[in-house]
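This report describes selected features of the structure shown below.

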Number of protein chains: 2
Amino acid sequence: MTTEAPQDNKKYQDLITTARSLLFKHGIKRVTIEEICEKANVSKVTFYKYFHNKDDLVMKIMEDWVDEGVREFLAIRDENIPFMDKMLKLIRMKLATAQEYSHEFIDELMGTNENLKQFYQSATMKTLELVTDFFKEAQEEGQFRKTVPPEFYIYLIEHISEMMNDERLKTIISDPHDRFQEIMNIIFFGFNECDKTIEYDKLMEGRVS
Amino acid sequence: MTTEAPQDNKKYQDLITTARSLLFKHGIKRVTIEEICEKANVSKVTFYKYFHNKDDLVMKIMEDWVDEGVREFLAIRDENIPFMDKMLKLIRMKLATAQEYSHEFIDELMGTNENLKQFYQSATMKTLELVTDFFKEAQEEGQFRKTVPPEFYIYLIEHISEMMNDERLKTIISDPHDRFQEIMNIIFFGFNECDKTIEYDKLMEGRVS
DNA sequence: ATTAAATTAAACTAAAATCGTAAATAATTA
DNA sequence: TAATTATTTACGATTTTAGTTTAATTTAAT
């Protein structure tokens with residue numbers, strides 16, 4: 001008689017995972033509910049048992065996704081490793097998720113629907129606070145220059161993958177290794193001459209690219 | 001009074017290029033004619049001036065694309081460089097185009113429409129003959145083991161990019177450099193110990209990845 | 001085996017999207 | 001200016017999609 005929570009339901013999970021990969025790849029408007037149901041081997045009736053409509057589905061996907069991200073972040077934050085290694089792992093994480101979803105998906109999330117937009121913004125807010133606190137603490141410990149606003153570091157971190165895929169930058173530095181090296185060097189050490197570097201290979205180690 | 005050939009028309013070209021990138025990315029059924037027109041800044045009426053319908057558009061895209069491929073191939077074939085270097089360039093070309101289109105596009109090309117299917121098959125036939133001749137000649141010159149059917153080499157070449165992106169293989173050899181190295185070594189030298197290798201970096205040089 | 005719940009396929013309606021065209025209007029070119 | 005060409009707007013016809021209903025089937029628990 002115990003009514004199962006939807007998170008533990010197989011059909012629900014099938015729908016979430018199939019929908020996620022489809023929507024992340026093609027964006028929201030290109031994918032139909034029927035297609036999701038077919039690919040997930042779930043009938044349309046069952047879909048409407050768990051979701052009111054497509055927007056509702058998207059919100060639940062985002063909830064899952066954000067929670068996942070927060071969990072990953074907290075795990076890294078609380079690891080017992082040097083600060084620089086944590087930074088590496090955070091960047092790696094960002095690059096990993098950035099490859100998952102298409103630009104189109106985020107654009108649609110922000111553009112068309114007002115509910116989704118609000119939800120997405122409040123979700124990013126929540127995670128942003130977490131990360132900001134992390135940076136502020138690191139700054140107080142002397143890991144960063146104190147004159148840099150932590151929000152600016154977050155901005156930079158979030159734009160690394162964008163820079164890596166920027167067509168203009170690609171023509172300037174075609175080799176991805178070199179490109180990454182240069183971006184990281186600028187972010188961490190600025191234009192000053194410096195003997196420290198962040199290795200692309202170290203960042204990518206163990207990653208299935 | 002000279003009626004301009006459509007190939008030289010700006011609007012026509014805009015339609016072809018925008019349609020190509022959209023269709024290659026999302027497949028045929030996900031993209032609407034109106035979307036193409038909007039993105040290309042061409043009115044729908046103008047679209048129907050140049051194309052009967054979506055299938056007609058796809059065929060003309062394919063024609064362009066195949067011609068382009070044949071030209072590239074012939075250019076490489078007739079270059080005055082060692083055979084191995086030609087091989088490298090051909091593989092590079094294959095990898096480049098494979099990143100352009102999605103699996104979905106080719107699937108739809110083969111699956112839904114009978115006209116497109118026929119057209120695609122005859123087009124690949126035509127190019128396959130060219131490449132086969134190239135390999136046969138190389139074989140007669142002693143560049144390959146004579147007991148290998150050239151068709152099998154073509155098959156292998158065409159599957160390099162697939163292997164590079166194969167999830168199973170990725171877990172076995174996660175580093176793309178290593179993965180590519182191993183694939184190339186197998187294809188060119190088999191399982192025999194051999195001091196020759198094909199360098200990933202050499203293959204990728206000058207490519208904007 | 002019996003019962004209750006979950007799932008499904010199929011049919012269906014209403015709304016929305018898309019196609020393709022025809023006319024009126026603006027822009028180019030001769 | 002006149003003739004040709006490109007674009008906008010509007011529109012009807014068709015197709016697709018969303019969401020619901022019903023009846024049949026599967027699944028799981030008792």
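Which element gives the largest share of the surface near DNA strand C? That share, four residues, comes from α3(A).

## Basis of the description

The model is predicted, so local features need pLDDT of at least 70 and side-chain atom pairs count only at pLDDT 80 or more, while totals for chains, interfaces and linings use all residues. Residues are numbered from 1 along each chain as its sequence is written, and chains are lettered from A and ligands numbered from 1 in the order in which they are written.

## Surface near DNA strand C

DNA strand C is surrounded by 17 residues, the closest being S43(A), V45(A), T46(A), T32(B) and I33(B). A residue is near a strand if its C-beta atom, placed from the backbone, lies within 6 Å of it. At least two residues each are supplied by α3 (44-50) of chain A and by α2 (33-40) and α3 (44-50) of chain B. Helices here are DSSP runs (H or I, at least four residues), numbered from the N terminus.

By class, this surface has five nonpolar, six polar and six charged residues. Ala, Val, Leu, Ile, Met, Phe, Trp, Tyr, Cys and Pro count as nonpolar, Asp, Glu, Lys and Arg as charged, and the others, Gly among them, as polar.

## Surface near DNA strand D

Around DNA strand D there are 13 residues, of which T32(A), I33(A), N53(A), S43(B) and V45(B) are the closest. Two or more residues come from each of α2 and α3 of chain A and α3 of chain B. The largest share, three residues, belongs to α3(A). The surface near DNA strand D divides into five nonpolar, four polar and four charged residues.

## Packing of α1(A) and α2(A)

Helix α1 (residues 10-26) of chain A packs against helix α2 (residues 33-40) of chain A at an angle of about 120 degrees, with the axes 9 Å apart. Axes are lines fitted to C-alpha atoms over the stretch in contact, and angles run from 0 to 180 degrees between N-to-C directions.

## Residue R77(B)

R77(B) lies in helix α4 (residues 54-77) of chain B. Not counting residues up to four places away in sequence, R77(B) touches K86(B) and F134(B). R77(B) and V131(B) are 54 residues apart in sequence, yet 9.2 Å apart in space, C-alpha to C-alpha.

Notes: Contact = placed C-beta atoms within 7 Å.
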